[in-house]
Amino acid sequence: MSSDLDVFVGNTTLIDEEVYRLWLDGHSVAEAVARRLRGGLLEREATSVAVLQSDTRDHYRTFQMLERLLHAPPRLLQQLLFQIPPERQALLVQRYYAFDEALARELLGKKLSKGTKKELDEVSARTGVGIRSCRRQFDNFKRVFKAVEELRGPLAENIQQLFLLPPSLARDYAAIVFFANSRFETGKRRLQFLSFGDFAACAQSMMAHWSQGALAPEAAEPDGDLPKSFLQDLKELKVLVTDKDLLDQHKSLVCSALRGKISVYNELEANFKALSRALVNVGGKLTHARDVRDFFVDLVEKVIEPCRSDKWSPGDLRLFLQHYTAAPRNLPGFRHQALWERYMAAISACLLRMFHD
Amino acid sequence: MPGKLKVKIVAGRHLPVMDRASDLTDAFVEVKFGNTTFKTDVYPKSLNPQWNSEWFKFEVDDEELQDEPLQITVLDHDTYSANDAIGKVYIDIDPLLYSEAATVISGWFPIYDTIHGIRGEINVVVKVDLFNDLNRFRQSSCGVKFFCTTSIPKCYRAVVIHGFVEELVVNEDPEYQWIDRIRTPRASNEARQRLISLMSGELQRKIGLKVLEMRGNAVVGYLQCFDLEGESGLVVRAIGTACTLDKLSNTSAFLPACNSPSKEMKEIPFNEDPNPNTYSSGPSTPLKNQTYSFSPSKSYSRQSSSSDTDLSLTPKTAPSPQGPRIFLFPSSPTLSCDSPHLKKSCLLLSGSSIKPLHSSHVSPVVLRKSVSFTEELLLAASGMGSGSAGKEGGPFKTLLRQQTQSALEQREFPFFTLTTFPPGFLVHVGGVVSARSVKLLDRIHNPDEPETRDAWWAEIRQEIKSHAKALGCHAVVGYSESTSICEEVCILSASGTAAVLNPRFLQDGTMEGCLEQRIEEASPPGCGFCHIPYDELNMPFPAHLTYCYNCRKQKVPDVLFTTIDLPVEAIVVGKGCLIQARLCRLKKKAQAEANATSISNLLPFMEYEVHTQLMNKLKLRGMNALFGLRIQITVGENMLMGLASATGVYLAALPTPGGIQIAGKTPNDGTYEQHISHMQKKINDTIAKNKELYEINPPELPEEIIGSPIPEPRQRSRLLRSQSESSDEVTELDLSHGKKDAFVLEIDDTDAMEDVHSLLTDVPPPSGFYSCNTEIMPGINNWTPEIQMFTAVRVSRLSNINPTNQTLNKNFNDLCENLLKSLYFKLRSMVPCCLCHVNFTVALPEDELVQIAVTAVAITYDKNQALQANKAPTEKSQQRASTDNEEQLQFPLELCSDPLSSQPFSPAKEVLEGASSHTGIPAAQRATSVDYSSFADRCNSWIELIKLKAQTIRRGSIKTTTSLEKASPLAEGYLRHRSVPSGTNSTVSVVKMTPLSFLPGAKITKYLGIINMFFIRETTSLREEGGVSGFLHAFIAEVFAMVRAHVAALGGNAVVSYIMKQCVFMENPNKNQAQCLINVSGDAVVFVRESELEVLPPQPAAAAQPTGAAGDVTT
């Protein structure tokens, strides 16, 4: 005797967190049942496999119906079809938009296009995230990207509003959107030591200090794009390394301030010009889309790696950046102190975050 | 022109994309009532149109107001081709027609399409201005309140319970009209939905008229059903109990109980009893005269006094005077007092005109109706006034009975659809009475005169009435009717509980106080209803009587079966449990008459077996009474199915049930004996285990000889094997009477063995779960507020090549058990909890398909306190005390809840007015105050805030949401903190649904009107919608959503007495098609959490409002 039709509908929609996780992970009903069996549910609840199957199918159906609404979480709150307590709704949304950092790391800076989606098989194999789950997460990224692409104002807050995500998750999505928009290169071998968290933190500092929203909340440009005028202005900073006098004075100011305070003083003294050149030029290149891609590569290659080989400690780097940023204030003839500090605030934050093994 | 209906279309949201090119929709709305249609402007290129229309006004008479639904159609404007329909909303405006209910319907309604399901939502405001109609001959019955609840609604007091009202309306089913061949499925479905909506409106109006005629003002226990008779038409019928209700308010609740009743009583003439045909003079019911004793059952009926075992298998043929007409009485059974009474029931086999025959049926009916009511009521009162159920009341008792009985007999049918009664209403309970008859459907020739169907039901009701009389009862309570249709055969069933009632409530209550006192004295509380209503020396059936174990003064039967809920005052030992009897019977496929005959031949045997199973299972659980008994017989092409559900309890007043004794047929067989003794042991173990599980440990009664669990078998009984036995054999099998303590099952063949096995297959629910099909679980009284109502549907294929009754039984049994198991698993997170009002419905949609639908509610309870209460011997008095308290509380509660319940509407009004005048200021103010009051105590998480906002929006500020936010500094702050976008974040107000008449831990403060909805859903892309399960899952969810939306629009926050009356599912997988019809009903109410009531009074009304609304989010 087989059951052709078997449904259970509650006035309050039942959400089983475990089954939801299995569904999000992309398991089929059969796989989910097998996993639940392994979890010892059968013994605990003294029930039968058939019951478990029926239960799993019910939940899967519910989730499939909910998925459409989860694509636009505000609709989940407004819809009348499923009566779900608010804390459960929040959980549904949060879990649906939660992502595997390994996967996000792989996709950072990639164009969220069909082509990338086709490559998900490899990503899935590399990260150990199920392919269906990969696709769902990819679609989430893309959906969020599309939704906020054209919006003005702070990216993270826009995302939080449109997708009702908790603030931290919204910030992560903002980072993903920021990377996808600017297409920073993150896949290079020498960048492999950086985690998703590192990049996300970098993106947040860059948006916080550089974007339009950071200066004027009613700005016209979306936060995902770095403001053109700002990037253009960064060219002015080149004077710090092109003008020999300024460079020398800058060096002496920083060195005198740091003498005896950092363990790598000699190395600093030897490398100051190279470091300064690297730090300033990274900014100068940001106007060209192709050069933007290399932002992180440059930082790692030209700043982090030399420092690391000289055995700088994070404390050393912090002190150096602090004084390096502050020093131009005392440089005669340098008129871009505000711009410089705005620029260096993000660069410093990025470097400090990235400076680890 | 007594009414003006005003409708305003505010906005739409989440509309489907109708124009693929632009991914947008040019929507407009048609508002139709009766024959008048208005249209809104087209709101171009939007999925969230803001029509904000003018008020569309319909000037209509109130008859139309009652019958017609308001029909709102959302369309997509198309310049070049026909406009495409997006979907419809039907709004029943009945709740606006009586003063105490809703004053406005306002809110978001799902836009429903029978092919696509829900497609977006529309915000509508509906109002009615009623003018007084003083016309005495009016056809409308505006103002009569309807309740699905089968008890006196919580915030009302019954002044008079008038009695039974019934009506039916027939029409042709649009699905079967010729036009259906040329129109689209959508048009056909919509025609059907509209027709049924119209018919139920008409039905309600007609019932209302009857109620007014009886001088009532309400119908309680209103049950409306559809019979889809296919080719022969569509029947909508309803039954209910007419009452005069009084809203419990400050004065009426505290009226001094006894003011001077003696005067009135003197005036009452005692000897005017117009009908001396009382019980003691030997009722001339056909029951006695023509029953053939049916022996096998007798052996156990001696066990169970309430089981009447007279099976009359007399196939009686009455020659019809009208030529071609043949009356066949092929023994459709009547379950009187739980065991089958085979009684004549007529099978109309002729298809020709039926008028002359019916005149005889109809005329007395009309006559009876004209009997003046007050007089008989006074009579009844006089009878009761002289002391009801006196201790050894002897002749006086008889006199009393004559009085009340005659009063009730004056009525056409002394039936009550209620299942719970005010304390003291129920004097004695006789047992279950039921009647079934098999009919052949034929075309309804004249829809305006639905005489055939009327006559059919009248016949059955007569039968029920006479059964009740035979049990010494003058009334039937817990009465219900149902049908099962397969092709052109229809089984009509009716059942109820024969009872003796206290006429106090049946009269215009002036003397209630004094009467009440007397009754309290006379009938011992908690056991009175168990005492037999019939005469001990003149019993209608053999029964085993003992003195009541509670009061020791009156006789009680050893087992009691009823269709009502457990009376509040009943003294129960331990907990109750759901008991089901399940049965399949194969039937040969046959046509028309042959088919009907074979069905009616099978019925008595099914009834009998169902009853045997129930009895066995009851004993297996060590219990002695069944409440809420509902036996459903379903007819299919090649089989019949029987499913009986009831809640078993141990009544302290009734004797301890004996055990079950198994006897082998062939003694002297070693292994066989061993096997038998093994089984015996298993049964004994099960009984012991069940007693422990349900905490059945009645106090020992030393002076009584309580039968040992397994006494000597003095009599052997044989389980009835049906088909082969003819009535002749049956008479021979008549065995002598005699008292018996144990129930003996003789195992004479493998079938019987199977039966015994199947007895033991019922698995008790997992620990922490209890289940019952009554309103409340006996023995648990500490409910916590968490509830979960659900509907589960299963369709299974019985894929046996050569099905036998046994294998089918087993399959069916497994199906039900698995379904229950699956429910327990699903709801495991609620443990400890109880499944209440478990309602199984069985259908046989196709040859080998069985469909089971279950609706129930899971309620959590506090384990510790529940246990305590259980152990306490003073449980009853505690309950009493609590009810007393409740009543005393009534006044203050009402006071503070009243402004609350009326509150939700005013802001909506304001906003709308504000919106129309483009100011919106009052609305904004309101919103601010709302936000503040609740902000204070509850806004820590972002979720809470979303809730909060939802309330603001729900209150009708749809249009002005954004501006509201800006107007309120708090809202702005909230935005900044939470950064949730304005206008998109409203949650939907929570609407609770429950099949019970109450909400645990909450007070119902207002009844807003009846919800009665009928939906059809069809698909031609079944696979794409997730197969049959996906299709039905979505549809049921949609039905829930639409019910909730209607309740919320009425200003309510819950539906009580919710019932899914019909779920007809048909599929055609080959064509990738499926269709489903669902009919649901319930009462929309406003409730307030008891915990919040305590906090409320000091707060001003405006501040109190969100608390009331927010409380229900705690699901």
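In this predicted model, A:I159 touches (heavy atoms within 4.5 Å) A:V144, A:V148, A:L164, A:L165, A:A170, A:Y173, A:A174 and A:V177, leaving out residues up to four places away in sequence. A:I159 belongs to the largest nonpolar core, which has 286 residues; A:I159, A:F320, B:L70, B:I122 and B:L651 are the members that touch the most others. A nonpolar core here is a set of buried Ala, Val, Leu, Ile, Met, Phe, Trp, Tyr and Cys residues joined through side-chain atoms within 4.5 Å, and buried means under 20% relative accessible area, with exposed over 50% and partly exposed in between (1.4 Å probe, protein chains only). The most residues in this core, 16, come from helix α24 (residues 1027-1049) of chain B. A second, separate core holds 31 residues, including B:L798, B:L827, B:C833 and B:A858.

Residues are numbered from 1 along each chain as its sequence is written, and chains are lettered from A and ligands numbered from 1 in the order in which they are written. Because the model is predicted, local features need pLDDT of at least 70 and side-chain atom pairs count only at pLDDT 80 or more, while totals for chains, interfaces and linings use all residues; side-chain values use heavy atoms, without hydrogens and water.

Chain B contains 26 helices and 36 strands, which are DSSP runs numbered from the N terminus (helices H or I, at least four residues; strands E, at least two). Of its 1115 residues, 63% are buried. Among the contacts in chain B between residues at least 6 apart in sequence, 78% link residues at least 24 apart.

Strand β26 (residues 639-651) of chain B includes B:M639, which is buried at a relative accessible area of 3%. Beyond four places in sequence, B:M639 touches B:R585, B:L586, B:K587, B:T634, B:L798, B:L808, B:L844, B:D847 and B:V850. One of these, B:L798, is also a member of the second core.

Turning to the helices, α20 (residues 295-309) of chain A has 15 residues that should span 21 Å at 1.5 Å a residue, and its end C-alpha atoms are 20 Å apart, which agrees; the expected span is 1.5 Å times one less than the number of residues. This helix, α20(A), bends by about 30 degrees at A:E301, the bend being the angle between axes fitted to the seven residues ending there and the seven starting there. Its buried residues are A:F295, A:F296, A:V297, A:D298, A:L299, A:V300, A:V303, A:I304 and A:C307. Among the elements of chain A that cover them are α12 (167-182), α13 (196-210) and α18 (265-284). Just after α20(A), A:K311 has a positive phi of about 60 degrees. In chain B, the 29 residues of helix α2 (residues 185-213) should span 42 Å, in agreement with the 42 Å between its end C-alpha atoms. B:R215, with a positive phi near 65 degrees, follows α2(B).

A:H27 sits in the loop between α1 (17-24) and α2 (29-38) of chain A and is buried at 14% relative accessibility. Its side chain makes polar contacts with the side chains of A:E31 (3.4 Å) and A:R35 (3.5 Å). A polar contact is a pair of N or O atoms within 3.5 Å; within protein, one must be able to donate a hydrogen and the other to accept it, and residues adjacent in sequence count only if both atoms are side-chain atoms.

Finally, the structure holds zero disulfides over all chains, a disulfide being a pair of cysteine sulfur atoms within 2.5 Å. For B:C772, the nearest cysteine sulfur is that of B:C836, 4.0 Å away. B:C772 is buried at 0% relative accessibility.
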